[in-house]
Amino acid sequence: MSLRLSTVILPYRRWHEGGRSAWTRAEQLGFHTAYTYDHLSWRTFRDGPWFGAVPTLTAAASVTERLRLGTLVTSPNFRHPVTLAKELISLDDISGGRVTLGIGAGGSGFDATALGQEPWTPRERADRFAEFVPLLDRLLSEDAVSYEGDFYSAHEARNIPGCVQRPRLPFAVAATGPRGMRLAARFGQAWVTTGDPKLYESGTPEQSIQAIRGQAERLDDICAEVGRDMTDLDRVLLTGFTPDRVAPLQSLNAFTDFAGRHAELGFTEIVVHWPIPDSPFAADEKVFEQIAMEAPAQLR
C-alpha cells in the first residue's frame with residue numbers, strides 16, 4: 001500500500017479571509033484527507049480567533065469534491081455521543097461520505113474546564129472514553145439506541161437514515177496506552193499516534209522512532225488478543241509532536257526520509273500541519289506544497 005499524505009488545517013482563520021482557500025488548495029495539492037482540531041480553544045491560539053470543527057468541516061465539504069475530511073481529534077471533554085452522532089451523520093451526508101472521525105480520550109487543557117467542571121483524572125478520562133466509543137459506534141450504525149451507562153445515556157435516540165458510509169463512518173482512534181489501543185483494535189478503522197510526548201522536549205529522533213516502534217508492537221499484540229487482523233487497521237502518525245518537530249518540512253528530501261522511516265514501522269498515513277506563520281507549525285509554504293505534490297510518488 002502507498003503511504004498516504006494528509007494535512008491538518010487549524011480553524012483559526014475566518015472562512016472568507018483564508019479559511020476557505022486552505023481547504024480548496026488542500027484538494028488541489030492532492031492530500032488524501034484534510035483534518036482539523038476539534039477543540040474549543042487550543043494552547044497558544046487560545047486568545048485569538050478559533051472556530052468550531054463541525055461547521056468548518058461542513059463548509060469545507062461544500063467547496064471540495066474528492067478530499068476526505070475529518071477531526072484529529074474529537075474527545076469526550078465537551079462532546080456527548082448522542083448529539084455528536086447526529087452532527088456526524090449530517091456531515092457525512094453533506095460531504096457524500098467523505099468523513100473520518102479522529103477520536104481520543106482528551107487531555108487536561110482548556111476544553112477540560114470550559115463547561116465549568118473540574119478536569120477529569122487520567123483514569124476518569126480513560127473510563128469515559130471506554131464508554132464513549134462503543135456508544136458512538138452504536139449510535140452511528142443503528143436506527144434507534146437506548147443505553148444507560150456510568151457516564152452517558154441515550155433514550156430511544158434516532159439516527160435515521162444513518163451514515164452514507166456503511167455500516168458507519170470510519171473511526172481513527174488516538175491511543176498510546178493499552179485501554180485506548182484495545183478500543184482502536186475493536187472499533188477503529190485506523191490507529192493514531194503523535195509519538196511519545198515525554199520525548200518532545202529533550203528526546204532525539206532516534207529515541208522517538210524506537211518509542212513509536214514499541215507502540216506499534218503493543219498494538220500488534222493487542223490486535224492478536226482481540227482477534228483483529230492487524231493489517232486491516234490503518235496506522236496514522238500526526239506529525240509536529242516528535243523531537244523532529246517541523247524539521248521534516250524543511251525540504252522534500254527531509255520529509256521523504258522522515259516518512260520512509262515511519263512507513264517501515266507500518267504506518268499507512270502521515271499527517272502534516274498546514275503552515276502557520278509565527279507558530280509551532282511555521283514552515284515555508286513553497287516547500288510544503290512541493291512535499292504535497294511530489295512526496296507521495298517517491299514513497300510508493
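User: Are Y12 and F45 buried or exposed?

Analyst: This is a predicted model. Burial is judged by relative accessible area, and under 20% counts as buried. Here Y12 is buried, and F45 is buried too.

User: How do the rings of Y12 and F45 pair, and at what angle between the planes?

Analyst: For a ring pair, look at the centres, then at the planes. Planes under 30 degrees apart count as stacked, over 60 as edge-to-face, and the rest as tilted. The centres of Y12 and F45 lie 5.8 Å apart, with 55° between the planes. This aromatic pair is tilted.

User: Where in the chain do Y12 and F45 sit?

Analyst: Y12 is in the loop between β1 (4-8) and α1 (15-29). F45 is in the loop between β2 (33-36) and α2 (53-63). They are 33 residues apart, so the pair links distant parts of the chain.

User: Why is the pair of F31 and F288 tilted?

Analyst: Use the angle again. The planes of F31 and F288 stand at 35°, so the pair is tilted. Their ring centres are 5.7 Å apart. F31 lies in the loop between α1 and β2, and F288 lies in helix α8 (residues 285-298). That is 257 residues apart, and this pair also links distant parts of the chain. Both F31 and F288 are buried.

User: How many aromatic pairs does the structure hold, and which residues do ring pairs link into a cluster?

Analyst: The structure holds 11 aromatic pairs. Ring pairs can join up into a cluster: here Y12, Y37, W42, F45, W50, F241 and F281 are linked.

User: Where is S41 found, and which residues is it in contact with beyond its neighbours within four places in sequence?

Analyst: S41 is in the loop between β2 and α2. Its relative accessible area is 13%, so S41 is buried. Setting aside neighbours within four places in sequence, S41 contacts R46, W50, F110 and D111.

User: Now helices. At what angle do α3 and α4 pack?

Analyst: Read the angle and the distance between the axes. Helix α3 (residues 81-95) and helix α4 (residues 122-141) pack at about 45°, and their axes are 9 Å apart. That angle makes α3 oblique to α4. The crossing of α3 past α4 is right-handed.

User: Which residues make the contact?

Analyst: From α3 come P81, V82, L84, A85, L88 and I89. From α4 come F132, L135, L136, L139 and L140.

Key. Residues numbered from 1 in each chain as written. Predicted model: local features only at pLDDT ≥ 70, side-chain atom pairs only at ≥ 80, totals over all residues. Heavy atoms only, no water. Axes fitted to C-alpha atoms, helices over the stretch in contact; angles between N-to-C directions. Helix = DSSP H or I, 4+ residues; strand = E, 2+ residues; numbered from the N terminus. Parallel < 35°, antiparallel > 145°, perpendicular 65-115°, else oblique. Left-handed = near helix turned anticlockwise from the far one by under 90°. Contact = heavy atoms within 4.5 Å. Phe/Tyr/Trp six-rings, centres within 6.5 Å; stacked < 30°, edge-to-face > 60°. Buried < 20%, exposed > 50% of the residue type's maximum accessible area, 1.4 Å probe, protein only.
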